[in-house]
Amino acid sequence: MAVKDYDVRDLELAQMGRDRIDWAAQEMPVLRQIAERFAREKPLEGVRIAACLHVTTETANLVRALKAGGAQVALCASNPLSTQDDVAASLVVHDEIPVYAIKGEDTKTYYAHLEATLAHEPHFTMDDGCDLVSLIHKERRGLLPGIFGGTEETTTGVIRLRAMAAEGVLSYPVIAVNDAQTKHMFDNRYGTGQSTLDAIIRATNVLLAGKTVVVAGYGWCGRGVASRARGMGAHVVVTEVDPLKALEATMDGYVVMPMLEAARIGDIFITVTGNINVLDAQHFALMKDGVILCNSGHFNVEINIPALEAAAREKRVGRPFIEQYTVEGGRSINLLAEGRLVNLAAAEGHPSAVMDMSFANQALSVEYMLKGGKLEVGVHPVPEAIDQEIAQLKLEAMGVRIDRLTPEQERYLASWQEGT
């Protein structure tokens with residue numbers, strides 16, 4: 001690796017990063033088994049992968065697995081605040097991975113890091129939010145003939161990819177890792193649920209018990225956040241635009257109401273919708289003194305920060321990761337982590353045990369696209385066989401055994417002739 005073929009904060013942090021990467025690996029037995037097989041079989045030999053992911057201990061274990069399989073990986077951050085600087089340093093020093101990521105980097109640096117990653121002329125992209133794919137299609141189209149496929153990690157990225165495919169501009173096949181059962185049912189629900197509340201508590205040290213927590217959006221992430229908040233003793237309100245999800249939240253025992261009503265009673269607001277301006281000027285005008293606002297969606301657009309800035313008479317840093325805005329009537333509104341995804345900006349992101357399955361999907365999807373022949377241009381699901389394999393490996397690692405169908409049961413399920 002060239003001397004300057006990286007851009008990280010401080011290489012002196014490398015040993016700390018290595019220790020934390022190894023600690024995370026203990027909770028990632030499925031990915032570890034895949035890495036061991038990859039090391040023997042080298043299914044990714046010679047493949048150049050450009051990865052735009054949150055640079056965390058879990059991502060480091062994914063990158064190490066890909067390298068064990070023979071891939072050449074270049075890595076950049078998928079969010080300016082999500083990088084763990086010690087992990088970035090360790091990947092450069094100990095694994096000789098070109099990494100371009102610094103926690104707190106400005107927008108100009110963020111896009112320079114995307115460009116640096118693409119300078120490795122990838123055959124395959126691994127994205128979290130579709131920024132890498134978007135940049136290739138907008139400005140680096142010369143790379144397209146050499147790219148045979150990609151994967152996408154998160155809901156927001158899949159939404160963007162499907163929009164590209166609908167407009168006919170997507171130029172290569174991408175597997176929607178986010179939509180795998182072993183990803184969204186566990187990562188989005190249990191991972192986002194726990195890590196979001198972890199971040200809020202770390203940043204504020206507030207007691208959740210007795211607070212009114214407003215969760216905007218009741219997808220898999222919203223389900224997890226609402227469940228964990230209720231488990232901590234909070235009164236949970238859900239806001240939704242989808243009648244089916246609103247009905248589900250109601251039958252799950254939550255209070256459902258429009259955000260204009262929730263704005264008057266909430267103590268803590270958490271957005272997980274993937275949409276823009278979910279919390280807007282009209283909501284800020286109604287909020288109580290001392291409310292806390294945060295976002296666990298991928299982009300920092302769910303809270304209308306320019307509108308909050310415009311309404312503020314004063315702004316100060318309350319403590320790390322908290323900007324306190326004083327608005328009309330002397331009320332304070334506290335914004336966490338600049339409105340960016342709070343679980344990675346103010347904490348460590350998802351627990352390793354759930355990322356084990358998510359990143360197993362990433363690794364096996366790359367292998368599938370190499371072995372399975374060329375997919376048509378478009379957004380594709382993770383093959384069911386991969387989903388099932390990961391679930392079985394996870395159960396085995398947890399010491400959980402399940403039943404198997406008998407031949408008689410298999411014949412019955414395949415038959416239409418037997419009835420009442």
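Hi everyone, let's start in the middle of the protein's nonpolar packing: the largest nonpolar core has 48 residues, and I49, L62, L66, L75, V99 and M126 touch the most other members. By nonpolar core I mean a set of buried Ala, Val, Leu, Ile, Met, Phe, Trp, Tyr and Cys residues joined through side-chain atoms within 4.5 Å. Buried is under 20% relative accessible area, exposed is over 50%, and partly exposed is in between, with a 1.4 Å probe and protein chains only.

Before going on, please keep in mind that this is a predicted model, where local features need pLDDT of at least 70, side-chain atom pairs count only at pLDDT 80 or more, and totals for chains, interfaces and linings use all residues. Residues are numbered from 1 along each chain as its sequence is written, and side-chain values use heavy atoms, with hydrogens and water left out.

Let's zoom in on L66. Setting aside neighbours within four places in sequence, L66 is in contact with L44, I49, A71, V73, M126 and A363; contact means heavy atoms within 4.5 Å. There is also a second, separate core of 30 residues, and A199, V225, A226 and V272 are included in that one.

Now to helix 15 and helix 16. Their axes come within 10 Å and cross at roughly 140 degrees. Axes here are lines fitted to C-alpha atoms, for helices over the stretch in contact, and angles run from 0 to 180 degrees between N-to-C directions. The two helices are therefore oblique to each other, given that under 35 degrees counts as roughly parallel, over 145 as roughly antiparallel, 65 to 115 as roughly perpendicular and the rest as oblique. On the helix 15 side, the contact includes A353, M357 and Y368, and on the helix 16 side, I386 and K394 are among the residues.

Finally, two residues to look up in the loops. Most residues other than glycine have a negative phi. K42, though not a glycine, has a positive phi of about 50 degrees. K42 lies in the loop between helix 2 and strand 1, and K42 is partly exposed at 37% relative accessible area. E338 also has a positive phi, near 60 degrees, and sits in the loop between strand 14 (332-336) and helix 14 (342-345).

Key
Helices (H or I, at least four residues) and strands (E, at least two) are DSSP runs, numbered from the N terminus.
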